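Q: Hi! I have a structure open here and would like to talk it through with you. Could you help me find my way around?

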Amino acid sequence: MIRSIAFLYLGCAAAPLLAQNPPASAVSTPVPVAPAAVEADPTGPRTPIITDTEFDEAIPSLDDAPLESIDEWTAAQESREEGGSAQEQAKQTAADPAIAAVQDNDAVELLPDAPVTDPLLDDPLPPIESFDAEPPPEPTQVAEREASAVRYVVRVDGLDAAKTAEIAKDADAVPIEAEAWRDVRSRFNDLSSLDDGDGRADSRAEVGQRARADRQLLLDILNGLGFFDADVRVTSEVATTPDGAINVVLTVIPGRRYYLGQIAFTAPVVQPADLISSSFVPKTGDAIVADVMLAAEANISVTLPRNGYPFATVGQRDILLDSDTGVGDYTLPVETGARSYFGQLRTEGTPAFGADHVAILRRFKTGDLYDSRKVDDLRAALIATGLLSTVSIEAVPGEGVAPDGTPYADLLVRQEAAPPRTLAASAGYGTGQGFRAEGSWTHRNLFPPEGSLRVAGVLGTQEQAASVAFARANAGRRDRNFEISLSALHSTYDAFEAYTGRLAATMAFVSTPIWQKKFTWSVGAEILATSEDTFEVARAIRDRRIYYVAALPGQVGFDRSNDLLDPVRGYRVNLRVSPEASLGSGKQIYARVILDGSYYYPVNDSMVVAARARVGTISGIARDNLAPSRRFYGGGGGSVRGFGYLQLGPKDINNDPIGGRSLNEFALEGRYRFGNFGVVGFVDAGQTYESSKPKFNDWRVGVGIGGRFYTNFGPVRLDLATPLNRQQGEPKISVYVSIGQAF
């Protein structure tokens, strides 16, 4: 016998729908029926009980009759009053069948109709004192409900090869794979109504209802795994135990499992020729598993738009089952649409920017072969601007064709601008930095496109600042940002106290979580004036001086790690060079250079070993002629953990840090992750030196442990560290909190 099936996805199991099919020579069409297997009526159309003419004649007329006159209505009321009380009318109705027949126009009365009027209506109302005004009794207590609950025990038989062979009694039964049985049992346990009830129900009827639901669930799961002839029998009996529990037994009779036969696709010729067939993973001889088939079809619907077919659609599959051979021939219609190149960009809605700026964000050109992954990337870039509340991109047929005859597919960008203003606030604490609160107001599109104005302020125990900045994101190129800022800062640290004014401009090509780049760079210029107290070694006193500094900072980075905020493999190298001129007491030109490198090695799926090294030098100027805020210091969450911020390095006679002209640092971490949480053990080491060349000696070491909470935007870290060979004035424990790994 030949049958046709179609799949219906139900929860964890994709259940097939069965229907009788015409002869093998006929064309098979999936039949939309209920989830259970249903066979069509082989007798053909049924003869109606009555004809349409008889049915129409039996329907009473709906034409509105004219209202009776007032006199006629009054006469009818007087006639009713002469008929007597409701009790007397009821007696007349019971005594005279003709009266009863009048009530429903049925001359044959198996049971008498209810009286036209209720005799109780003639009875006087009872006195008000006889009414019970007490509130209803309290609901049944939990203990009483537990005592009256029906208990049951569930058992599923037939979910293993040995029992299946014994129950089926079928010499042709195909042996069942143990993995398939484990899959059936696992899915059933996840969705079973009987199992969810924990062996208790309010009544036997509820137990029966759950058993029927679980029977259908088992059938759906079995059908979804290729057992289209499966049956499940439900039996129950009351146990002889004192609690009288009901034993519910579901006996599975799986029957034959069906396997794929011929696989065919009804589709136009595509490029390359095997684009559709190579995307369909199941092969002839594989079991017909609904999850696998649906996933393979979804893969086709994803692969075609990635390879130049933006308008492709996958039709309804058809599988013809042969119960004699246990084979199902599979046919899938696919409408590929035209193979297309990227065309023009269009926008509609309430745009935040026009099509010309959207073109800057795309990573393809007009005339490139259509690829839905690049469309998804453009959508993500539009969302990342923060200027849109909703955005969608749809491929639509374009105008004209390419020189090789390939049509264009335009992209219709529907956008709705989001509120452009943002108020933000944050607060935190760090050892050596104290408390710090920051607030800002930003207009993200004051100078379209993506020209923002930001006003910010910082209030902390050791730092107070105010700043205003103009920035343009995606300035002429995606992820190339330009910023001009003006700031005023007051810093109070053990190393120095400074009042600083700064004007800076920066242009940078940066990595983002959407597009992590191998190569990044930044260039800039800044001028600053700062009044700082500095320790003069020659006179052994602190004195305040004014410094004027001009700098041209630049940076290049090479990133081969796998993630921007939580790398687990690869490496990074970053070089920062800043030629500077000190214009205070005599012009002095010098250079600041810092080289960073980090490496990440995955030991296994849960464990990562990470290492970091840093060296820095300032050449061309004596330390005492260098503004304290431009010197190198060690210690803190981004340096050597276990030591206070800016606390590591040369110190004066008061044990306050005075900074140096070179540094070296090293860190080693072991990161273990379990689910959304992780734990980290680390060792940091480093030192700052007065000389311009790092000496790589006298290292100070800090050790610690940290916790990680992994979120969609990166890990949140909390680290606790302590210095080895702790010296006077150094903290016993330092605490660091931030977003992202330490390096």
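Q: How many bridges join S12 to strand S13, and in which sense do they run?
A: There are 10 bridges between S12 and strand S13 (residues 407-417), and the two run antiparallel. Keep in mind as we go that this is a predicted model.

Q: Okay, and what is the bridge partner of Glu394 in S13?
A: That would be Leu412.

Q: Which helix packs on the sheet there?
A: Helix H13 (residues 372-384) does, and it touches S11, S12 and S13. The direction of H13 makes about 145 degrees with that of S12.

Q: What order do the strands of that sheet have?
A: The order is S11-S13-S12, in an open sheet of three strands with mixed pairing. Strand S11 (341-350) and strand S12 (388-401) are at the edges; each has a single partner strand, so one side of each has no neighbour in the sheet. On average, neighbouring strands here are turned by 20 degrees against each other, ignoring direction.

Q: Let me pick a residue: where is Ala409 found?
A: Ala409 belongs to strand S13.

Q: Buried or exposed?
A: Ala409 is buried: its relative accessible area is 0%, and the cut-off for buried is under 20%.

Q: Which residues does Ala409 touch, leaving out those up to four places away in sequence?
A: Among them are Pro310, Phe311, Tyr341, Phe342, Tyr370 and Val396. There is also Arg339, which is 70 residues away from Ala409 along the chain, with 9.0 Å separating their C-alpha atoms.

Q: New topic: what about the open sheet of four strands?
A: Its order is S4-S3-S6-S5, and the pairing is mixed. The edge strands are strand S4 (200-201) and strand S5 (231-238), each pairing on one side only.

Q: How do S3 and S4 pair?
A: Strand S3 (residues 150-157) pairs with S4 in the antiparallel sense, over two bridges. If you want a spot to look at, Val150 stands opposite Ala201 in S4.

Q: Now a helix. How far does H11 reach from its first C-alpha to its last?
A: Helix H11 (residues 290-306) has 17 residues and reaches 25 Å, close to the 24 Å expected at 1.5 Å a residue.

Q: Which residues in H11 are buried?
A: The buried ones include Ala290, Met293, Ile300 and Leu304.

Q: And what follows H11?
A: H11 is followed by Gly308, which has a positive phi, near 100 degrees.

Q: Let's talk rings. How many aromatic pairs are there?
A: The count comes to 15 aromatic pairs. One of them is Phe447 with Phe470, which is edge-to-face, at 5.3 Å centre to centre and 75 degrees between the planes.

Q: Which parts of the chain does that pair link?
A: Distant ones, 23 residues apart: Phe447 is in the loop between strand S15 (434-443) and strand S16 (451-460), while Phe470 is in strand S17 (residues 463-472). Phe447 counts as partly exposed, with 37% relative accessibility. Phe470 is partly exposed too, at 24%.

Q: Which residues do ring pairs link into a cluster?
A: Tyr493, Phe496, Tyr633 and Tyr645.

Q: Last one: which charged end sits over the ring of Trp515?
A: The charged end of Arg363, 3.9 Å from the ring centre. Elsewhere, Arg671 lies over the face of Phe743, at 5.2 Å from the ring centre.

Terms used
Residues numbered from 1 in each chain as written. Predicted model: local features only at pLDDT ≥ 70, side-chain atom pairs only at ≥ 80, totals over all residues. Heavy atoms only, no water. Phe/Tyr/Trp six-rings, centres within 6.5 Å; stacked < 30°, edge-to-face > 60°. Buried < 20%, exposed > 50% of the residue type's maximum accessible area, 1.4 Å probe, protein only. Lys NZ or Arg CZ within 6 Å of the ring centre and 35° of its normal. Pairing = 2+ DSSP bridges. Expected span 1.5 Å × (residues − 1). Axes fitted to C-alpha atoms, helices over the stretch in contact; angles between N-to-C directions. Contact = heavy atoms within 4.5 Å.
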